[in-house]
Protein chains: 2
Amino acid sequence: MNIQEQLQHKIDFKTKPLGSLGMLETIALQIGTIQQTLSPTIAEPTILTFAADHGLADEGISPYPKDVTWQMVMNFVAGGAAINVFCKNNLVRLRVVDAGVDYQFPANCGVINAKIAFGTKNMRREPAMTTAQCTKALERGAALVQAEATTGCNTIGFGEMGIGNTSASALLMHAFTGIPIADCTGRGAGLPDKQVQRKAEILKEIAAKYTPGSPIEILATFGGFEMAMMSGAMLEAKKQGMLILIDGFIATAALLAAIAMQPTVRENCIFCHTSNEKGHKLMLNYLLAEPVLNLGLRLGEGTGAALAIPLLRSACDFVNQMASFEQAGVANKA
Amino acid sequence: MNIQEQLQHKIDFKTKPLGSLGMLETIALQIGTIQQTLSPTIAEPTILTFAADHGLADEGISPYPKDVTWQMVMNFVAGGAAINVFCKNNLVRLRVVDAGVDYQFPANCGVINAKIAFGTKNMRREPAMTTAQCTKALERGAALVQAEATTGCNTIGFGEMGIGNTSASALLMHAFTGIPIADCTGRGAGLPDKQVQRKAEILKEIAAKYTPGSPIEILATFGGFEMAMMSGAMLEAKKQGMLILIDGFIATAALLAAIAMQPTVRENCIFCHTSNEKGHKLMLNYLLAEPVLNLGLRLGEGTGAALAIPLLRSACDFVNQMASFEQAGVANKA
């Protein structure tokens, strides 16, 4: 028997009806298979939250001003955001990364400086970034994951902050899946109906303007520095044999780019939740992904990943700590 | 402004898009309203797991032998079951209660002795219990919750173990909701299709045999000692102003009985998960309940409640620990 079969056997002889732990059994099997062990673990779980600005924000596609990106980064390092609370109380390590915020952060303020530029270009006029910038972002994302791997981290989640980034994600989704722009465009941080329609029209115009070929060209044309860095981080996490925690709409868009470059990255992914952002359910369907949580979240930052971690721990715990029918002296099925 | 309005205001000015924490916001609002506070908490969360046997098990309506009930109780007190693992690792207190198991447990083995009888009667021939027994079970359940309340516990979940108890629950569901028996009857611990059909036929025969009037008569005729004790415990938890964690199919059946006696008990309930047991989704729809988790669990014991607790803590944590826009110096919506 290979590890997967052995693990299934171990799960099936725990003191519970066959299959009665539902998705926790599937998750345990996936983690054990990735780790090639009968004793799966979540070790030093870490969330990297990448922040960046978007030139497209100048077009008024978000209800919040662009300054909110750097202000929220300062809120992250001060410990006041949702992701801080959920990481702290679920014993998850949080790293805040400046991938390309349009702001000069003070030195030693707690933000990891991986800045590619002070925001992307306005893609209504020119591509968001050059392919050289995109490659650099992919590489920096990979390097950040390598650094975490050396600390014994085997589980890594990715979050983001960036005013305008649901627009960039909608364009990536459209480019990688072929799903019509209108179905990829949602409220983001809370746009009213009329402005969602306007956002979709602008995105449609942008999608028609370019014909990028390779995945890197697509990512460079329509993406953001936080997404490109995340894609690179995901690809490296796969190489390192880590469990990859996918958060919401933006993280899943970055995954689509990573999968286009290396399809096997999908094997290591746990889809932590279904976002309330319109396009996310379609993305998950496209990926045949069954998310762990369905709480109607649409906050980003990595919050869905942080909230799913206790359940992932429970999936490992039952495999490692429950008694078997034999150990407990409990009769199995008649 | 009343507490609910003040709490909504507090939630709305946290550094996040309005409503972006989805169900966690609804939960925080519910807990704060129950506790009449702007700082909701989960204090000394406790799960009472009630075990009992069912005379109807003699009719072969479960794939497991009846002895599994006491064997699993011994597994609980030895720490080897799923509920032990999830409670321990989520810092939840577990109490194992003998409500009516057909077994004499050794003294001081860790089981709380609240035994009404050595199992219910076979309701294919006579009512499961007398109304006097049912009343005693309701009272003992209430007394157990009173004891927990004195320790500072403000959050209480209920689990169960009892071979045959999905049959009793299906009958309670039918009696309290009017939903046809066939839709209330599922696989339980894993019956194959053909035997599910036979189970439904037996339950239909039993449902037609009796015409109990009051909720207590219905509970006495069709219930089990674990359900009756759970109903009494739920009613007392409401009186104590506790948050009530509803687990799966059997716990929800006990809640239907409790609601029939005192409808306001519903206000304090969190529906922790949707069970994979067939009738549970219909029960939840009937109660207009939106469950926290959808993991395809069908194990019972209180496992769904234990797994939901970290999310309930996160719902309280964000209210208590996140910064407001003003505190963090973050610009609110344009």
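**Helices, strands and a globule**

Visitor: Which residues of α6(A) and α11(A) meet?

Guide: On the α6(A) side you'll find A:Asn165, A:Thr166, A:Ser169, A:Ala170, A:Leu172, A:Met173, A:Phe176 and A:Thr177, and they meet A:Phe249, A:Ile250, A:Ala253, A:Leu256, A:Ala257 and A:Ala260 in α11(A). Contact here takes heavy atoms within 4.5 Å. Sorted by class, that contact has 10 nonpolar, 4 polar and no charged residues. Keep in mind that this is a predicted model.

Visitor: How do the axes of α6(A) and α11(A) lie to each other?

Guide: The axis of α6 (residues 165-177) and that of α11 (residues 249-261), both in chain A, come within 9 Å and cross at roughly 35°. The crossing of α6(A) and α11(A) is left-handed.

Visitor: Let's hop to chain B. Why is strand β1 of chain B said to be largely enclosed?

Guide: Count its residues! A residue is buried at under 20% relative accessible area. In β1 (residues 46-52) of chain B, 7 of the 7 residues are buried, so the rest of the structure largely encloses this strand. B:Thr46, B:Leu48, B:Phe50 and B:Ala52 point one way, B:Ile47, B:Thr49 and B:Ala51 point the other way, and all are buried.

Visitor: What makes β1(B) and β2(B) a pair?

Guide: Two strands need at least two bridges to pair. β1(B) and β2 (residues 93-100) of chain B have 7 bridges, in the parallel sense, so by that cut-off they pair. In this pairing B:Thr46 stands opposite B:Arg93 in β2(B). β1(B) also pairs with β4(B), again in the parallel sense, over 6 bridges; there, the bridge partner of B:Ile47 is B:Gly157.

Visitor: What makes β3 and β6 of chain B the edge strands?

Guide: The open sheet has 6 strands, in the order β3-β2-β1-β4-β5-β6 (chain B), with parallel pairing. β3 (112-113) and β6 (269-271) of chain B each pair on one side only, and they are the edge strands. Further in, 3 bridges join β4 (residues 155-161) to β5 (residues 243-246) of chain B, and B:Thr155 stands opposite B:Leu243 in β5(B).

Visitor: Back to chain A: how do you know that its radius of gyration agrees with a compact globule?

Guide: For 334 residues, a compact globule would come near 20 Å, and chain A has 20 Å, so the two agree. Of those residues, 62% count as buried. The chain's secondary structure comes to 14 helices and 6 strands, and its C-alpha trace spans about 70 × 45 × 35 Å along its principal axes.

Methods. Residues are numbered from 1 along each chain as its sequence is written. Chains are lettered from A and ligands numbered from 1 in the order in which they are written. This is a predicted model: local features need pLDDT of at least 70, side-chain atom pairs count only at pLDDT 80 or more; totals for chains, interfaces and linings use all residues. Side-chain values use heavy atoms; hydrogens and water are left out. Axes are lines fitted to C-alpha atoms, for helices over the stretch in contact, and angles run from 0 to 180 degrees between N-to-C directions. Helices (H or I, at least four residues) and strands (E, at least two) are DSSP runs, numbered from the N terminus. A crossing is left-handed if the near helix is turned anticlockwise from the far one by less than a right angle, and right-handed if clockwise. Ala, Val, Leu, Ile, Met, Phe, Trp, Tyr, Cys and Pro count as nonpolar, Asp, Glu, Lys and Arg as charged, and the others, Gly among them, as polar. Buried means under 20% relative accessible area, exposed over 50%, partly exposed in between (1.4 Å probe, protein chains only). The radius of gyration is taken over C-alpha atoms; the globule rule is 2.2 Å times the number of residues to the power 0.38.
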